[in-house]
Amino acid sequence: MNIYLDNAATTKTDSRVVDAMIPYMTEHFGNPSSVHSYGKKAKVILEESREAVASFLNCKPKEIFFTSCGTESNNTAIKGIALKYLGSKKNHIITSPVEHPAVLETVIFLKDKFGFEVTLIKPDRFGRISPEEIINAVKDETFLISIMHSNNELGTISDIKSISEIASAKNIHLHCDTVQSIGKTKIDLKELNLSAASVSAHKIYGPKGIGVLYKSENVELDKFMHGGGQERDLRGGTENIPYIAGIKKVFELLVSEGEEDVVNYDELKTYFIREMKNLLGEKIHFNSPSENSLPNIINIRFDNSLGFDEETLIIKYDLKGIAVSGGSACHSGALKPSKVLMTLGFSEKEALSSVRVSFGRFSLKSDVDYFIGKTKEIIYT
Ligand code: PLP
């Protein structure tokens, strides 16, 4: 038996998305920059997909750019905005230590290589960034704030709307990594009033290797990928038309089934929490907050008094046919304690005793039952 409960790392591509992609690898293989009918066919799906994404996120199609992944979107937004300010008096960036490495490493690169000043906001114990801390960190020199909408390890949602109000009152750009939030909680880009936002298709039943960058029409970015002027000259390179056709389907499915997905996540998470409490009582801890948290992610910690070997916990689940994560998906394979949990003050032992369970569109109640049964074996034998 194989149970997949690591949907925050990646999701299975929906077969309907695969079906939507295939014609663009076979008969409709044209290059959207070509003027002939093959090119026109590719151009049509490129723009239809852009419209589908823009409509779901409530922005203009011309504010949507296709990239190769969420990481590229984060890099393009942050480096692109920063380079516009290079050499000016505005040289201060605010972010947090619990951002995905695609944000954190990018900001640290800008600090080390170009001398930008960086402030890392201290999050609360759930990884939440408070708007008050942002106010305290803002200086005259601040030109960019980058804070994730929800945390990939804990599911914690930060109050981006309030942070956005602070940023716009001070004329500071706000970039938001919305990779984990799309399809799990409402993201309305008009309401959030961001300069830029990052999206990744493989977290929402699309293929790996395709992402979206939202860039407000009022924001100018220095381009990151020079080339043939594609994506309105923001990102050179022939567009990945088959995957872009897939993204259109991804967002159509979020429109038709997204609410149902969320009900499923909610029910599974509630059931999971109840069953874990029934199994372990006081000896199970929930690292994720009970409120303002994504419906599909729950990070749990086994009490060390249970006497299990925390260093092999994730491997033991794997040996029982259960895929869960002990940290960021990008580090999976390496059994190191989660940097995010360590940053939040957990000891190494506590971090290693923590497991992220994340539900997806195809998760079932029987998956939870299987997890609970195997947890009993892992913890007590
Ligand atoms: N941002 C967050 C919050 C993520 O969880 C991830 C993926 O784990 C990324 C960015 C990177 O996305 P991608 O894998 O498409 O590069």
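## Basis

Residues are numbered from 1 along each chain as its sequence is written. In this predicted model, local features need pLDDT of at least 70 and side-chain atom pairs count only at pLDDT 80 or more, while totals for chains, interfaces and linings use all residues, and side-chain values use heavy atoms, with hydrogens and water left out.

## Asn299

Asn299 belongs to strand S10 (residues 297-302), where strands (E, at least two residues) and helices (H or I, at least four) are DSSP runs numbered from the N terminus. Its relative accessibility is 3%, so Asn299 counts as buried (under 20% relative accessible area; 1.4 Å probe, protein chains only).

A polar atom of the Asn299 side chain lies 2.8 Å from the backbone oxygen of Glu153. Beyond neighbours within four places in sequence, the residues in contact with Asn299 (heavy atoms within 4.5 Å) include Leu154, His285, Leu341 and Val355.

## Nonpolar cores

A nonpolar core is a set of buried Ala, Val, Leu, Ile, Met, Phe, Trp, Tyr and Cys residues joined through side-chain atoms within 4.5 Å. The largest has 47 residues, and Ile64, Ile134, Ile145, Leu194 and Phe251 have the most contacts inside it; its largest share, eight residues, comes from helix H9 (residues 241-280). Another core, of 30 residues, lies apart from it and includes Tyr271, Phe272, Tyr317 and Val355.

## Helix H13

The buried residues of H13 include Val368, Phe371, Ile372 and Ile379, and among the elements covering the buried residues of this helix are H9, S10 and strand S12 (354-358).

Notes:
Buried means under 20% relative accessible area, exposed over 50%, partly exposed in between (1.4 Å probe, protein chains only). A polar contact is a pair of N or O atoms within 3.5 Å; within protein, one must be able to donate a hydrogen and the other to accept it, and residues adjacent in sequence count only if both atoms are side-chain atoms.
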